[in-house]
Amino acid sequence: MPSPPVADLPVAVRALVGTRLGDTARVSVWAGEPGGAAWFTREPDAQHYAASTMKLPLLVAAYRRAE
């Protein structure tokens with residue numbers, strides 16, 4: 001999937017999180033410029049076990065390897 005233009009990124013992230021995760025998954029997301037305000041959050045204060053936080057980097061690495 002091609003990356004959306006930067007101006008459309010907040011809209012794309014909201015759509016992706018909403019359609020892929022729905023309301024059943026417990027996933028936290030914080031997206032924004034480093035050091036700046038967030039333009040998208042989903043359960044930003046939820047607590048997760050360390051094993052859960054390690055899944056994202058592994059998933060990203062798997063997708064990069066598949067490309």
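Trainee: Among contacts in the chain between residues at least 6 apart in sequence, what percentage join residues at least 24 apart?
Mentor: This is a predicted model. Contact here means heavy atoms within 4.5 Å. Of the contacts between residues at least 6 apart in sequence, the share that joins residues at least 24 apart is 17%.

Trainee: Which pattern does the chain follow along the sequence?
Mentor: The chain contains two helices and two strands. Read along the sequence, their pattern is α-β-β-α.

Trainee: In what sense do β1 and β2 pair, and over how many bridges?
Mentor: Strand β1 covers residues 29-32 and strand β2 covers residues 38-42. V29 has R42 in β2 as its bridge partner. The pairing of the two strands is antiparallel, over four bridges.

Trainee: Which residue in the hairpin of β1 and β2 takes a positive phi?
Mentor: The hairpin has five residues between the strands. The phi in question is near 80°, and the residue is G35.

Trainee: Which elements give two or more residues to the largest nonpolar core?
Mentor: That core has five residues: V13, V17, V29, A31 and F40. V13 is also in contact with W39 and F40, leaving aside its neighbours within four places in sequence. The elements giving two or more residues to the core are α1 (9-21) and β1.

Trainee: What percentage of the residues in the chain is buried?
Mentor: To count as buried, a residue needs a relative accessible area under 20%. The chain has 67 residues, and the buried share is 10%.

Trainee: Which residues make the nonpolar surface patch of about 410 Å²?
Mentor: The accessible surface of the chain is about 5900 Å², with 60% of that belonging to carbon and sulfur atoms. One of the patch residues is L59, placed in helix α2 (residues 50-66). The residues that make the patch are L56, L59, V60 and Y63.

Trainee: Is Q47 buried or exposed?
Mentor: Q47 is located in the loop between β2 and α2. Q47 has 70%, so its class is exposed.

Trainee: How many Å apart in space are Q47 and R26, C-alpha to C-alpha?
Mentor: In sequence, Q47 and R26 are 21 residues apart. In space, their C-alpha to C-alpha distance is 9.8 Å.

Definitions and conventions
Residues numbered from 1 in each chain as written. Predicted model: local features only at pLDDT ≥ 70, side-chain atom pairs only at ≥ 80, totals over all residues. Heavy atoms only, no water. Buried < 20%, exposed > 50% of the residue type's maximum accessible area, 1.4 Å probe, protein only. Areas by Shrake-Rupley, 256 points an atom, 1.4 Å probe, with all protein chains shown as cover. Patch = residues over 30% accessible without salt bridge, like charges linked within 9 Å, V, L, I, M, F, W, Y side chains within 5 Å. Salt bridge = Lys/Arg side-chain N within 4 Å of Asp/Glu carboxyl O. Pairing = 2+ DSSP bridges. Core = buried A, V, L, I, M, F, W, Y, C linked by side-chain atoms within 4.5 Å.
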